[in-house]
Amino acid sequence: MSHSHIGTATHRRHCSPAALALLSCLIVSAAAGCAAVPLEEAHTLVSYGGLTSNNGRITKAKFKIDPNELAATKTIYIEPTMVSPNAAPSIKKPSDQALVANVISRALCIGVSDRFQVVDRRENADVVVHATVTRIVPTNAAMAGVSTATSLGASLVVPVPVPRLPMGLGGLAVEAEAMTRDGKQVGAMVWAKGANAITTSARVSQVGDAYSLGSSFGSDFSKMLVTGKTPYKGLPKLPSAQKIKSNLGGRPKYPACERFGRSPGVKDFAASQVGLPPSWTDKRPAVVGQGPHDEARR
């Protein structure tokens, strides 16, 4: 038998009609699976005027940016992300709430480092960024466990990655703004996104999906500040060397970002593939902070 025939036979053995039927069923069901998170103003920003809508299929956002004001900005301060009183009750453990808030702060800090110097004191900054988690749609941890077991089992039958079951998906909504020293809003965003069955790994935690989505928000908002324009148009660009290093768990570009801890990097990616909670790899005791700006807004 020729090598080509051997390869064909092997392919047929691995992709039997039953296996292909299973794969087709999983893909069709996954394609329809996406958690719905409403895009709504939660009154955490100074102003909602002049926002532009981005009605994406997965990410929903309203945003604005003032590139002229940002042109002279050199230093920036990232306030610890807050969890609103409306969002907090949906998650049982305060430590899980803090984990989501902290991953947002870390992503913002790493992202803006591409353009600005991140400082560790608010009074030394040209611009201050603060974000508030306004809604967390909990992940059904039990269903995430079933999904992980099903996906891992199916991957032994079909030789391609298998999506998670589109049930019990979580979601996240966040608002953020960037303010100058004199109180002018130079950037703002209202953002909502639900996990989907294809690109969001199932993790056995109430905040499994919200944790992953927090990094996505931080990337979107920081990209808007760095480029001075919408983060939802144009071709994706390769991340900078400092961003790659930081996201892999290396030392951040600016020491001020250390207070949000270092990214768990590769070990967290590996853990996500087998459904482990983010708290297993992101060990820093993340505490939702309150800065002077937060108190002034109450």
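1. Two strands are taken to pair if DSSP finds at least two bridges between them; strands (E, at least two residues) and helices (H or I, at least four residues) are DSSP runs numbered from the N terminus. Strand β2 pairs with strand β8 (residues 185–194) in the antiparallel sense over seven bridges, and K64 stands opposite A188 in β8. Strand β2 (residues 59–65) also pairs with strand β1 (residues 52–55), again antiparallel, over four bridges. A hairpin of three residues joins β1 to β2, and N55 stands opposite K60 in β2.

2. The model is predicted: local features need pLDDT of at least 70, side-chain atom pairs count only at pLDDT 80 or more, and totals for chains, interfaces and linings use all residues. Residues are numbered from 1 along each chain as its sequence is written, and side-chain values use heavy atoms, with hydrogens and water left out.

3. The largest pocket holds about 1,400 Å³ of space. Among its 45 lining residues, S215, S216, S219, K243 and N247 are the closest to its centre. A pocket here is an open set of points on a 1 Å grid over the protein atoms alone, where a 1.4 Å probe fits, with protein on both sides within 12 Å along at least five of seven lines; lining residues have an atom within 4 Å of a point. Helix α6 gives the largest share of the lining, 12 residues.

4. Salt bridges (a side-chain nitrogen of Lys or Arg within 4 Å of a carboxyl oxygen of Asp or Glu) number 11 by this rule. R106 forms one with D282, the closest N and O atoms being 3.0 Å apart. This pair links distant parts of the chain, with R106 in helix α4 and D282 in the loop between α8 and α9 (292–297), 176 residues apart. R106 is buried at 5% relative accessible area, and D282 is buried at 5%; buried means under 20%, exposed over 50%, and partly exposed in between (1.4 Å probe, protein chains only).

5. E40 and R135 also meet in a salt bridge (2.4 Å, N to O). E40 is partly exposed at 39% relative accessibility, and R135 is partly exposed at 31%. A network of salt bridges links D66, E69 and K184.

6. H130 lies in strand β6 (residues 127–137) and is buried, with a relative accessible area of 3%. Its side chain makes a polar contact of 2.8 Å with that of E177. Such a contact is a pair of N or O atoms within 3.5 Å; within protein, one must be able to donate a hydrogen and the other to accept it, and residues adjacent in sequence count only if both atoms are side-chain atoms.

Terms used: Grid points are joined across faces, edges and corners, and a volume is the space filled by probe spheres set on the points.
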